[in-house]
Amino acid sequence: MQGEPADPAARPRRARRPGRHPVRLRHHRQPPAPVMSDHIGAWGPARTPAGLFRLVPVRVERDLPLLARWMNDPAVAVFWELSGPPDVTADHLRAQLAGDGRSVPCVGVLDGTPMSYWEVYRADLDPLARHYPARPHDTGLHVLIGAAGDRGRGLGSVLLRAVADLALARRPVSPRVVAEPDLRNAPSVTAFLNAGFHFSAEVDLPTKRAALMVRDRSLRHLM
């Protein structure tokens with residue numbers, strides 16, 4: 001079960017207001033607050049049928065060898081397109097870590113073992129928002145399951161449900177969780193469906209035709 005990465009470099013930036021102030025005012029610049037200011041590292045663990053799961057924000061110096069190895073798995077590379085030397089993966093991670101916080105790369109740790117990679121992002125501020133009726137503070141997910149032995153046995157659905165529930169619990173401003181797996185990736189689409197997401201629409205994105213998957217806050221206890 002694989003997704004497609006967010007593209008931090010392509011994300012729209014907040015535009016500056018044109019013109020000058022009509023009167024001389026002293027303005028003190030404040031450092032910008034992170035867009036995803038929800039401290040994902042403090043979300044805590046989720047108990048799942050597969051074990052205790054938590055999201056740990058990426059540290060490049062610690063996590064790069066493992067993540068680069070996963071990105072070079074052909075089953076992952078076909079969708080993520082980050083195969084090659086470790087610098088390819090490092091550049092992708094650092095672009096998010098050096099940004100304004102609208103996308104947070106994380107390692108998924110199950111019972112103490114790193115086994116998946118996640119990006120939790122502000123979907124309403126992502127280029128994805130140009131292709132669907134985004135709502136303020138929509139939470140987006142990208143995910144890959146690292147080890148081949150962990151795929152194809154329902155684990156992806158279990159973890160997707162857990163992460164979506166964590167996001168809705170820890171981000172009370174977020175009305176829903178969305179994702180856009182490649183339509184060609186039937187196992188991924190199925191995993192989202194089994195995790196309580198519903199298929200909303202097909203969307204044409206620059207690099208793929210995707211299934212827009214949605215898990216609504218108001219319906220999360222019914223699915």
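Arg-184 is exposed, with a relative accessible area of 59%; exposed means over 50%, buried under 20% and partly exposed in between, for a 1.4 Å probe and protein chains only. Its salt-bridge partner is Asp-182, with the closest N and O atoms 2.8 Å apart. A salt bridge here is a side-chain nitrogen of Lys or Arg within 4 Å of a carboxyl oxygen of Asp or Glu.

The model is predicted: local features need pLDDT of at least 70, side-chain atom pairs count only at pLDDT 80 or more, and totals for chains, interfaces and linings use all residues. Residues are numbered from 1 along each chain as its sequence is written, and side-chain values use heavy atoms, with hydrogens and water left out.

**Overall make-up**

The protein has five helices and eight strands, where helices (H or I, at least four residues) and strands (E, at least two) are DSSP runs numbered from the N terminus. Along the sequence their order is β-β-α-α-α-β-β-β-α-β-α-β-β. There are 223 residues, and 49% of them count as buried. The accessible surface comes to about 11,700 Å², with 55% belonging to carbon and sulfur atoms; such areas come from the Shrake-Rupley method with a 1.4 Å probe, and for residues only the protein chains shown count as cover. Among contacts in the protein with a separation of 6 or more, 67% are between residues 24 or more positions apart. Contact means heavy atoms within 4.5 Å.

**Strand S8 and its partners**

Eight of the nine residues of S8 are buried, so that the strand is mostly covered. S8 is joined to S7 by seven bridges, and the two run antiparallel. Two strands count as paired if DSSP finds at least two bridges between them. S7 and S8 form a hairpin with two residues between them.

The structure holds 13 salt bridges.

| Asp-124 | Arg-122 | 2.8 Å |

Asp-216 lies in strand S8 (residues 208-216) and Arg-135 in the loop between S4 and S5, so the pair ties together parts that are 81 residues apart in sequence. Asp-216 is buried at 12% relative accessible area, whereas Arg-135 is partly exposed at 40%. The loop that holds Arg-135 runs between strand S4 (113-122) and strand S5 (139-145).

Leaving aside neighbours within four places in sequence, Arg-135 is in contact with Asp-124, Pro-175, Arg-176 and Asp-216. Arg-135 and Ser-174 are 39 residues apart in sequence, with a C-alpha to C-alpha distance of 8.6 Å. Asp-124, one of the contacts of Arg-135, has a salt bridge with Arg-122. Both members of that pair are covered: Asp-124 is buried at 18% relative accessible area, and Arg-122 is buried at 8%.

**Glu-180**

Glu-180 sits in the loop between strand S6 (176-179) and helix H5 (186-194). Its relative accessibility is 7%, which counts as buried. The side chain of Glu-180 makes a polar contact with the side chain of His-142 at 2.7 Å. A polar contact is a pair of N or O atoms within 3.5 Å; within protein, one must be able to donate a hydrogen and the other to accept it, and residues adjacent in sequence count only if both atoms are side-chain atoms. Beyond four places in sequence, Glu-180 is in contact with Tyr-121, Leu-128, Leu-141, His-142, Leu-205, Lys-208, Ala-210 and Ala-211.

**A nonpolar patch**

Leu-183, Leu-193 and Phe-199 make a nonpolar surface patch of about 240 Å². Patches are made of residues with over 30% relative accessible area and no salt bridge; like charges are joined within 9 Å, and nonpolar side chains (Val, Leu, Ile, Met, Phe, Trp, Tyr) within 5 Å. Phe-199 is found in strand S7 (residues 198-205) and is partly exposed, at 41% relative accessibility.
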